[in-house]
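User: I would like a close look at a single part of this model, described carefully and in one connected answer.

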Amino acid sequence: MNRAILRISLACLAMFVLLLLNINYVQAFETTKLADEPHNVRVFDQQFTYQRGTILANGDGTYLKIAESVPVKGTDIYVRKYPYGTIYAPVTGYDTIYGKTGIEQTENSLLAGTDPRLAVHNFTALLTGKQKQGATVALTISPAAQKAAYQALAADGGHPAALVALDPSTGAVLALASYPSFDPNELTTLNGAKLDKIDRQLLADPRQPLLNRAIQERYPPGSSFKVVTSSAAFSTGKVANPSTTVLAPTVLTLPNGHHLINDGGEVCGNGHPPIIQAFWMSCNTAFGGLGIKLTAPVLRDYSSKFGMNAPLSIPLPVVPSIVPEVQGWTDPSLTAFTAIGQFNDAVTPMQEAMFSAAIANGGTLMKPYLVQRVLGPGLSLIESHTPSVLSQAVSRTVAGYVQSMMFEVTHNPGGTAAATAGPQATGGITIDGKTGTAENGINNGNPNDAVFTCFVPGSNGRPSPIAVGVIVQGGGFGADAAAPIAVAVIKAYLGAHS
Amino acid sequence: MSLAARVDQPVPMPRGRRRTELVMLLFALAVVLLAYGAVGLGLKGKLPAGLPVYVIVFAILMIAGHFAVRRFAPYADPLLLPLAALLNGLGIVMIYRLQESGRNGNPGYLVSPVMSTSAAKLQLVYTGVGIVGLVLVLVLISEARVLQRYTYTLGALGLALLALPALLPSSHSVVNGAKVWIILGGFSIQPGEFARLALAVFFAGYLVSKRDVLALAGRRVLGIDLPRARDLGPVLIAWAASLLILIFETDIGQSALFFGLFVAMLYIATQRTSWLLIGLGLFLAGTFVTASLFHHVGERFTIWLHPFQGSNPLNASYQLVQGLEGMAFGGLFGTGLGHGQPYFTPLVQSDFIFTAFGEELGLVGVMALLLIFGLLVQRGLRAALAVKDPFSKLLAAGLSFVLALQVFVIVGGVSGLIPLTGVTTPFLSQGGSSLVASWILVGLLIRVSDSARKPAPQPIQDEGMTQVVRAG
């Protein structure tokens with residue numbers, strides 16, 4: 001019988017080998033797939049038992065904690081805290097038991113410590129018996145600018161509004177604020193029913209506090225789009241330089257017979273002003289006429305060079321600002337409106353900041369980014385951002401032309417923002433800008449949106465420190481509603497960096 | 001001849017190796033002690049209050065087992081007892097860990113309706129009963145072959161035990177949907193666990209006496225010698241019985257073990273591959289037919305093939321998915337005892353206890369467990385190979401094989417290798433019947449290994465002193 005017993009022994013061996021192979025498959029090769037199964041209750045619970053990484057605002061050279069996990073007394077779980085709730089909510093987003101947004105979502109694998117680049121740290125922690133820890137994410141946000149931005153937006157009569165500030169030479173996002181905002185601390189509860197209730201309240205709020213207006217909402221750019229139109233005119237040679245005169249009648253009759261007038265029916269110089277004067281006075285007829293000469297596809301090309309018509313990830317998703325190719329969009333009568341930022345043009349406050357950033361940086365548009373560096377547990381460097389060029393919007397010469405025109409907007413006594421962003425208003429800080437007062441709604445029935453795009457020019461060989469875009473929904477005249485917000489942010493930022 | 005003269009024999013006596021057994025047993029006890037401490041530290045950050053009592057009682061039981069082996073089976077394989085003790089001890093540790101954390105991690109709530117708040121204590125009591133079973137086997141059965149006398153008695157007893165739950169009313173036979181129990185008063189046993197042992201003895205006795213007939217060749221088909229048709233009777237009866245268990249007791253695992261045991265022993269006795277093929281064919285056919293006829297059998301296959309499909313993870317395959325996710329969560333090194341969440345898996349203290357080890361001890365831990373089981377099986381098969389008496393040989397081989405098959409069926413089931421069927425994990429699962437039966441099984445293997453390694457009886461007289469007496 002021994003031969004048969006040996007065969008049965010082989011069968012037993014085969015059964016154990018199969019079991020060993022299968023548990024190796026489950027516990028070594030399929031772990032990621034099983035961890036990603038929806039409803040995996042262990043993976044879900046785990047996120048509260050480790051200290052999630054901290055999010056820092058690093059833009060002023062200091063480290064300000066804007067999101068951190070703190071242990072709950074008497075338990076072994078951690079809860080997320082946002083020390084400056086509403087101010088940073090559009091940046092940090094939230095981390096709830098049901099989902100995440102903002103940096104909490106885009107940098108989740110690093111914050112949660114599951115990123116492959118943290119594998120060595122996690123393994124060391126396992127061996128030394130220490131607890132697994134998420135990585136620290138340091139953002140480009142300047143606490144001074146961010147705080148000033150939120151406070152200025154909130155102080156502006158309760159209009160929905162948003163602001164983005166960029167470092168033009170690197171693309172670092174210095175401020176990203178939206179009003180009204182929400183307090184992410186209210187969403188960190190571990191009680192599902194309570195979270196549901198708060199979530200429903202926020203979603204039902206007519207003021208849409210969860211909407212990140214700085215990057216997720218589009219508004220008509222209004223006259224601020226004239227930055228693009230004049231860039232296209234200089235670059236294509238349609239206009240030689242800022243002193244070149246352009247046709248600027250009080251009433252421009254369009255090919256379809258409709259009339260285009262300046263704001264308030266204003267007269268624009270002598271009807272043939274140099275383009276620089278048409279720009280500081282923001283004459284619609286001059287730029288409407290230029291738009292017809294340039295044609296819609298050329299305008300759209302130049303808007304693309306400024307970063308429009310394409311999605312952007314900073315790494316928060318930014319909705320594309322657009323000159324849409326709707327039916328009949330090349331009709332010259334409509335192109336006249338496209339050229340002055342009306343018709344179907346739609347931009348985010350982020351895009352407004354990008355207009356100025358490109359001009360401030362000699363025509364080179366740097367790719368906006370939020371994550372400056374990622375630090376592993378023990379503060380070892382895991383990732384550090386290298387600035388990259390998004391596009392060459394215009395040549396250095398053309399950028400210089402546009403900059404000189406934006407200078408006049410705030411410095412010429414007749415400039416649209418001379419009173420609100422001129423040297424008297426800024427306390428001596430030079431700000432170059434462009435206002436926009438965008439008509440919107442059906443038959444332009446809504447209150448105008450106030451728009452302001454601006455930057456502090458570089459001096460003494462130093463690059464421009466900051467560019468800002470602001471949109472105040474229903475704020476009225478751009479120079480009055482939007483420009484003071486930008487000025488407040490610039491003052492705060494320069495104050496922190498002097 | 002004097003005693004001194006015998007000691008001076010030139011032929012060396014095979015050593016009993018009882019000291020090896022004791023050292024290995026102490027090692028196993030140390031592992032259990034450390035695991036127990038780790039559970040306390042993992043769950044509450046301090047050593048469990050009952051630690052000394054549990055460990056001392058467990059150690060006394062195991063060392064009592066050791067002395068019983070020393071006294072009644074001095075030449076037995078030195079590894080069998082320590083391996084079984086290690087598994088038993090780790091099982092109690094895991095049951096304690098599950099009892100302490102409670103349902104979904106809420107201490108004070110039972111992990112499952114069939115788990116009491118003193119499950120670990122009960123398991124320790126069952127361990128005591130198991131050791132008594134082991135000692136009784138060693139004391140009452142001096143040689144395995146004495147059991148051959150009770151071939152048909154034990155066969156009848158085995159069948160009766162197997163059939164009893166099916167015949168009893170549900171109130172006296174159903175726990176958690178499985179109709180495999182006998183419940184009398186507050187006391188319940190799973191007779192199938194003992195029936196398997198009784199039937200192994202029956203098969204061994206029956207096959208040893210009939211193997212010459214069963215090995216006779218009939219017609220030759222496709223190069224395989226088929227047995228004669230009239231000899232098919234016993235295998236058909238065994239097959240029918242296993243199908244009946246399957247249908248009336250909704251217990252696929254038990255039926256697979258029962259039928260696998262029979263076919264393997266038939267093959268060993270006759271050495272005819274045709275019996276294996278016929279057995280396998282009958283099993284597959286029976287399973288296929290019942291799977292298509294009975295929903296509860298068919299569903300097992302659906303769960304096995306599509307555990308993550310649609311809403312399966314939340315309903316039909318919830319238990320399997322929880323077990324798999326638990327094992328995967330443990331990964332290579334596990335969460336550490338007391339640090340995982342095995343309590344999310346229904347019936348984790350019995351059918352799914354292996355996944356709890358996978359989660360908390362990791363791949364390395366469960367590979368070690370499988371190797372311990374494998375070693376136990378290997379030592380049993382070794383005894384079967386070495387022993388001379390055919391009945392003992394067949395019994396030991398059959399018992400070792402069914403132990404391996406049981407591990408394969410349950411571990412393969414919970415890890416998704418084969419369709420899941422509810423059988424206990426030997427020595428690890430909560431529950432007295434399985435534990436006591438497992439100890440009796442190990443007792444029988446110890447007995448056979450003792451027979452196998454015992455030195456041949458010395459001649460009473462020296463050859464030279466023999467007086468040849470011739471009949472005049």
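In what order do the five strands of the open sheet in chain A follow one another, and is the pairing parallel or antiparallel?

Analyst: This is a predicted model, and the description that follows should be read with that in mind. The open sheet of chain A is built from five strands in the order β6-β5-β17-β16-β15, and their pairing is antiparallel. At its edges lie β6, which covers residues 173-179, and β15, which covers residues 432-438, each of them pairing on one side only. Between neighbouring strands of this sheet the average turn is 5°, with direction ignored.

Within the sheet, strand β5 (residues 161-166) and strand β17 (residues 466-472) of chain A are joined in the antiparallel sense over six bridges; at one position in this pairing, A:Ala161 of chain A has A:Val472 in β17(A) as its bridge partner. Across β5, β16 (449-456) and β17 of chain A lies helix α16, made of residues 349-360, and this helix runs at about 150° to β17(A).

Chain A also touches chain B, in a contact that takes 30 residues from chain A and 43 residues from chain B. On the side of chain A that touches chain B, α1 (2-29), α2 (31-35) and α3 (41-46) each supply at least two residues, while the largest share, 18 residues, comes from α1(A). Sorted by class, this side of chain A has 17 nonpolar, eight polar and five charged residues.

Notes:
Residues are numbered from 1 along each chain as its sequence is written. Chains are lettered from A and ligands numbered from 1 in the order in which they are written. This is a predicted model: local features need pLDDT of at least 70, side-chain atom pairs count only at pLDDT 80 or more; totals for chains, interfaces and linings use all residues. Two strands pair if DSSP finds at least two bridges between them. Helices (H or I, at least four residues) and strands (E, at least two) are DSSP runs, numbered from the N terminus. Axes are lines fitted to C-alpha atoms, for helices over the stretch in contact, and angles run from 0 to 180 degrees between N-to-C directions. Two residues are in contact if their C-beta atoms, placed from the backbone, lie within 7 Å. Ala, Val, Leu, Ile, Met, Phe, Trp, Tyr, Cys and Pro count as nonpolar, Asp, Glu, Lys and Arg as charged, and the others, Gly among them, as polar.
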